[in-house]
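Good morning, and thank you for the time.

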Amino acid sequence: MLHLLSVGRFSHAKNYDNVPDISRQMAEMGVVNFRWFIIGYGPDEQLIRAKIAETGMEGRVILLGKRTNPYPYIKACDIYVQPSRYEGKSVTVREAQMLYKPVIVTNYPTASSQIKDGKDGVIVPLNNKACAQGIVDLINDEAKQEEIIEYLKTHDYGNEAEVEKLYNLI
């Protein structure tokens, strides 16, 4: 069983309302042995639950609610997915990279400032069908997943150097 994970507020920006449709399309593309867990809470929860029911994805898209510590979930997932419509700089994407998880993000305006497409993650189109295809492509390409994991292991994604720069300015 493949475990996908997303973490964030249940709001329009995070695009979780489209996860059930993306999941349905993934299943139609032949990827059926997966669960997509979402940690969070917020105003769009009922909308997301309605879309899960509408698409028949109750067994595949699982809302975990608020969690104090998402790190065990990130560590346990196979692929971290940030399906956002827009982001500033996603902290959870960086946290997943620090835990050596392949990361998929949608092509929101700041995506390329955080992900080196094909190196430390994959950027997929924001369109549901193309997003589903991009996720399926990475799921089916275990060599690419390993390549990303190995790249992540050789790069420092901590912010210690940035904090040190701030201290030097003070």
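Let me begin with a definition: two strands are taken to pair if DSSP finds at least two bridges between them. Please keep in mind throughout that this is a predicted model.

With that rule, consider strand β4, residues 79-82, and strand β5. Three bridges join them, and the two strands run parallel. Within this pairing, Val81 stands opposite Ile104 in β5.

Which way do the side chains of β5 point? In this strand, residues 103-106, Val103 and Val105 point one way, while Ile104 and Thr106 point the other way. In a regular strand, side chains alternate between the two faces of the sheet.

I turn now to charge. Side chains of opposite charge can pair when their charged atoms come close. How many salt bridges does the model contain? The count comes to seven.

One of these salt bridges is formed by Glu87 and Lys14, whose closest N and O atoms are 2.6 Å apart. This pair links distant parts of the chain, 73 residues apart: Glu87 is in the loop between β4 and α4 (91-98), and Lys14 is in the loop between β1 (2-7) and α1 (19-28). Both Glu87 and Lys14 are buried.

Glu147 forms a salt bridge with Lys144, with the closest N and O atoms 3.0 Å apart. Because Glu147 and Lys144 are three residues apart in helix α7, about one helical turn separates them. Glu147 counts as partly exposed because its relative accessibility is 44%, and Lys144 counts as partly exposed at 22%.

Glu150 likewise forms a salt bridge, with Lys153, the closest N and O atoms being 3.7 Å apart. These two also lie in helix α7, three residues apart, about one turn of the helix. Glu150 is partly exposed, with a relative accessible area of 41%, and Lys153 is partly exposed, at 46%.

There is also a salt-bridge network, which links Asp21, Arg24 and Glu28.

Finally, where does negative charge gather on the surface? Asp137, Asp141, Glu142 and Glu146 form such a patch.

Terms used. Residues are numbered from 1 along each chain as its sequence is written. This is a predicted model: local features need pLDDT of at least 70, side-chain atom pairs count only at pLDDT 80 or more; totals for chains, interfaces and linings use all residues. Side-chain values use heavy atoms; hydrogens and water are left out. Patches are made of residues with over 30% relative accessible area and no salt bridge: like charges are joined within 9 Å, nonpolar side chains (Val, Leu, Ile, Met, Phe, Trp, Tyr) within 5 Å. Accessible areas come from the Shrake-Rupley method with a 1.4 Å probe; for residues, only the protein chains shown count as cover. A salt bridge is a side-chain nitrogen of Lys or Arg within 4 Å of a carboxyl oxygen of Asp or Glu. Lys and Arg count as positive and Asp and Glu as negative; His and the chain ends are not counted. The place of a charge is taken as NZ of Lys, CZ of Arg, CG of Asp or CD of Glu. Buried means under 20% relative accessible area, exposed over 50%, partly exposed in between (1.4 Å probe, protein chains only). Helices (H or I, at least four residues) and strands (E, at least two) are DSSP runs, numbered from the N terminus.
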